[in-house]
Amino acid sequence: QVQLVESGGGLVQAGGSLRLSCAASLTIYSINAMGWYRQAPGKQRELVAAITSGGSTNYADSVKGRFTISRDNAKNTVYLQMNSLKPEDTAVYYCAADHSLLGVTTTPRFWGRGTQVTVSS
């Protein structure tokens with residue numbers, strides 16, 4: 001069982017930046033693939049970004065060029081750097097993990113509890 005704990009959410013003005021962190025209870029190298037999802041009120045949860053143990057990344061079109069996913073295997077932590085934030089980025093952001101990129105981008109096995117990001121206009 002993998003436990004994931006997110007942090008770094010908060011309130012920011014449009015155009016600002018936030019960095020989310022996701023700490024895993026197991027070595028993330030063995031998990032292989034991790035990602036970030038978000039869910040806005042009244043909307044379905046959607047994939048934001050994913051990264052494999054080899055460093056391959058995958059981004060939603062809506063965040064390309066603004067968000068960057070990265071990982072620190074020594075700290076068992078994955079990050080989501082969010083720049084040029086927009087009000088439509090407001091959502092609960094969830095960390096996810098799976099043993100494959102396909103898994104983490106479709107039906108992740110492991111989830112964190114989420115952290116709220118609110119972008120004011």
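Colleague: Which residues does Leu 20 touch, not counting residues up to four places away in sequence?

Modeller: This is a predicted model, in which local features need pLDDT of at least 70 and side-chain atom pairs count only at pLDDT 80 or more, while totals for chains, interfaces and linings use all residues. Residues are numbered from 1 along each chain as its sequence is written, and side-chain values use heavy atoms, with hydrogens and water left out. With contact meaning heavy atoms within 4.5 Å, Leu 20 touches Ser 7, Gly 8, Gly 9, Trp 36, Val 78, Tyr 79, Leu 80, Met 82, Tyr 93, Thr 115 and Val 117.

Colleague: Is Leu 20 buried or exposed?

Modeller: Leu 20 belongs to strand E3, residues 18-24; strands (E, at least two residues) and helices (H or I, at least four) are DSSP runs numbered from the N terminus. Buried means under 20% relative accessible area, exposed over 50%, and partly exposed in between (1.4 Å probe, protein chains only). Because its relative accessibility is 0%, Leu 20 counts as buried.

Colleague: In what order do the strands of the open sheet lie?

Modeller: Two strands pair if DSSP finds at least two bridges between them. The open sheet has four strands with antiparallel pairing, in the order E1-E3-E8-E7.

Colleague: Which are the edge strands?

Modeller: An edge strand here pairs on one side only. The two concerned are E1 (4-7) and E7 (67-72).

Colleague: Which residue of E8 is the bridge partner of Ser 70?

Modeller: E7 and E8 (residues 77-82) run antiparallel and are joined by six bridges. Within E8, Ser 70 has as its bridge partner Tyr 79.

Colleague: With which side chains does the side chain of Arg 38 make polar contacts?

Modeller: Arg 38 is placed in strand E4, residues 33-39, and counts as buried because its relative accessibility is 6%. A polar contact is a pair of N or O atoms within 3.5 Å; within protein, one must be able to donate a hydrogen and the other to accept it, and residues adjacent in sequence count only if both atoms are side-chain atoms. The Arg 38 side chain makes such contacts at 2.7 Å with Glu 46 and at 3.4 Å with Ser 62.

Colleague: How far does the backbone nitrogen of Ser 100 lie from a polar atom of the side chain of Asp 98?

Modeller: Asp 98 lies in strand E9, residues 91-98, and counts as buried because its relative accessibility is 4%. The distance from a polar atom of its side chain to the backbone nitrogen of Ser 100 is 3.4 Å.
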